[in-house]
Amino acid sequence: MALDQEIKAQLTPYLEYIESNVVLRVCANSGGASEGVLEFVREIAEMSDKISYENVEMERSPSFAVDKVGAEPSGVVFAGLPYGHEFTSFVMALVQVSGRKPKIEDGLIAQIKNISRTLNFTTYVSLTCHNCPEVVQALNIMAVLNPNISHTMVEGGSFKEEVEAKQIMSVPFVHLNGEEFGGGRMTAEQILAKLGESVDTSEINSRAPYDVLVVGGGPAGAAAAIYAARKGIRTGMLTDSLGGQVLETMGIENIIGTKYTEGPKFAASLMDHVKEYPVDIISSQRANKLVRNEMLELTMDSGAMLRSKTVIIATGARWRAIGVKGEKEFKNRGIAYCPHCDGPLFAGKDIAVIGGGNSGVEAAIDLAGIAGHVTVIEFMPELRADTILQKRLRSLENVTIVTNAQTKEIAGSSKVESLTYADRTTEKEVTLQVQGVFILIGLTPNTEWLADTVKRTKVGEIIVDKHGASSLPGVFAAGDCSDSAYKQIVISMGSGATASLGAFDYLIRN
Ligand SMILES: Cc1cc2nc3c(=O)[nH]c(=O)nc-3n(C[C@H](O)[C@H](O)[C@H](O)COP(=O)(O)OP(=O)(O)OC[C@H]3O[C@@H](n4cnc5c(N)ncnc54)[C@H](O)[C@@H]3O)c2cc1C
């Protein structure tokens, strides 16, 4: 049986949304994995009168296309089984191909429909990657909306030879018309921007000024927006992506009052909560300049501009780069930052994890279950992770821990082949033969775009007072981009609320 009861229960309510008949065109003639795909397609078809399947020849086996009966091919293809995080992508494709309108803005739909060039996308994914579905779903929507666009999701585990030949070492990784297009999380808006399809900025520019404009859509931004909107003042939220860093993690056990949740689920509930209020959300736009004229004016990469009486900056943080030779060259070629996403691509291989804090040690424990051997490299004389994590790490047979070591270089020909570190006591250099390097050495705040607009610490964190106010009147900051002592979800949400109340107070007094 391909579908267990839990998956069937998950799928059943969505079958109601299928608007017209859909056919799954399956090519499955290459042994073991093919049986699984055939069985999957058969069982899906058995669940609804509106779904049928037929055997065809396709470029990859096993794979299947999701097409509307009596219409041109949709261009949506799944190569390998869309299980794990990709099951939702499959369900959404089923419903959207049948004719249901995707839940994206009308302006974006029009922009996608206007594309006249032929764009054949392929996205390589792993089923444990929680960043992959965003890209798969965005490209599927583009394929459904525009006959010039097609999209194939390739599950790396089922197409190991192709993945090796194309040197895919991080997921999601997208190819366009056979050439590399890009890796990492991308929304439809970001894909369009990368394609050079310009955004209509006049619509954004015409928006009335806000009382409070929140920049950032993570926990701090969500809390700030909700607190502002609840005061009944005009609130906007401008964000690059919705959810923030929590999208990078799975198990979360320290949101007080919620024993356990998962990053993507928590991010979705944050946004559902924001959408309960009249918050004007502008997503997939990056702020790149803030100036005070008569009002505060926030400019975006796209050239669009918004005005507001107060601004709350909640742009969070991102993985810190180590800055050694080879890091830039081998990004997506063996250097990775997300163990959940890219771990499966290093099955049986020897890898290094740089960073002996909680995130590095957690990653090393996780990766030790997949990789051949893991070397943890820590700059300080001792690991910095919690004792319980260190104990677990030390119990693993295929892990070596190297402390007091400074990474010097990551090298290879076309992909990572070695890492060189120096023993900080003896200065002796050691080269490890590794095929992958995970860099987990902490975070850097997303505040470079502010330059000298507000005072920042030497590592770039925005300096705030106890009301969340920055050095520029009317500008507040919250969460991981601020100089708060600790960086955690509840702390970010608390500081988002503080900044919002601080901004409200400022508005009353000014
Ligand atoms: C792997 C991992 C696991 C974690 N696990 C936990 C945990 O278990 N428990 C816990 O409490 N904390 C955890 N954390 C920390 C927690 O996720 C952060 O403290 C929290 O997300 C910070 O929230 P934030 O809103 O300040 O920033 P972020 O979550 O970083 O959100 C920033 C937002 O700003 C947007 N943005 C950035 N730059 C711009 C720009 N120029 N213009 C427009 N928008 C922009 C981003 O797209 C994003 O929406 C974890 C972090 C990571 C990376």
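Author: A ground rule before we start: two residues are in contact if their C-beta atoms, placed from the backbone, lie within 7 Å. The model we're looking at is predicted.

Reader: Fine. Which strands does helix α5 lie across, then?

Author: Helix α5, residues 132–145, lies across β4, β5, β6 and β7 (173–176). Its direction is about 150° to β6.

Reader: What makes β2 and β8 edge strands?

Author: Look at the order of the open, 8-stranded sheet: β2-β1-β3-β4-β6-β5-β7-β8, with mixed pairing. β2 (51–55) and β8 (179–183) each have a single partner strand, so one side of each has no neighbour in the sheet. On average, neighbouring strands here are turned by 20° against each other, direction ignored.

Reader: Why is S198 called exposed?

Author: Count its neighbours. S198 has 11 inside 10 Å, so it counts as exposed. You'll find S198 in the loop between α7 (188–194) and α8 (201–205). Its C-alpha lies 8.7 Å from that of Q111, although the two are 87 residues apart in sequence.

Reader: How do you know that domain 1 and domain 3 touch?

Author: By residues in contact: 12 in domain 1 meet 11 in domain 3. On the domain 1 side, 4 of these are nonpolar, 8 are polar and none is charged. The centres of the two domains, taken over C-alpha atoms, are 34 Å apart. Domain 1 spans 5–195 and domain 3 spans 335–439.

Reader: Last one: what makes up the shell around the ligand, by class?

Author: 11 nonpolar, 17 polar and 5 charged residues. Gly counts as polar in this scheme. Of the 33 residues around the ligand, the nearest are G216, G218, G244, G316 and G479.

Reader: And which element gives the largest share of that shell?

Author: β10, with 4 residues. At least two residues each come from β9 (210–217), α9 (219–229), β10 (235–242) and α14 (489–509).

Terms used: Residues numbered from 1 in each chain as written. Predicted model: local features only at pLDDT ≥ 70, side-chain atom pairs only at ≥ 80, totals over all residues. Domains from an automatic or database assignment. Near = placed C-beta within 6 Å. Buried ≥ 20, exposed ≤ 12 C-beta atoms within 10 Å, placed from the backbone. Pairing = 2+ DSSP bridges. Axes fitted to C-alpha atoms, helices over the stretch in contact; angles between N-to-C directions.
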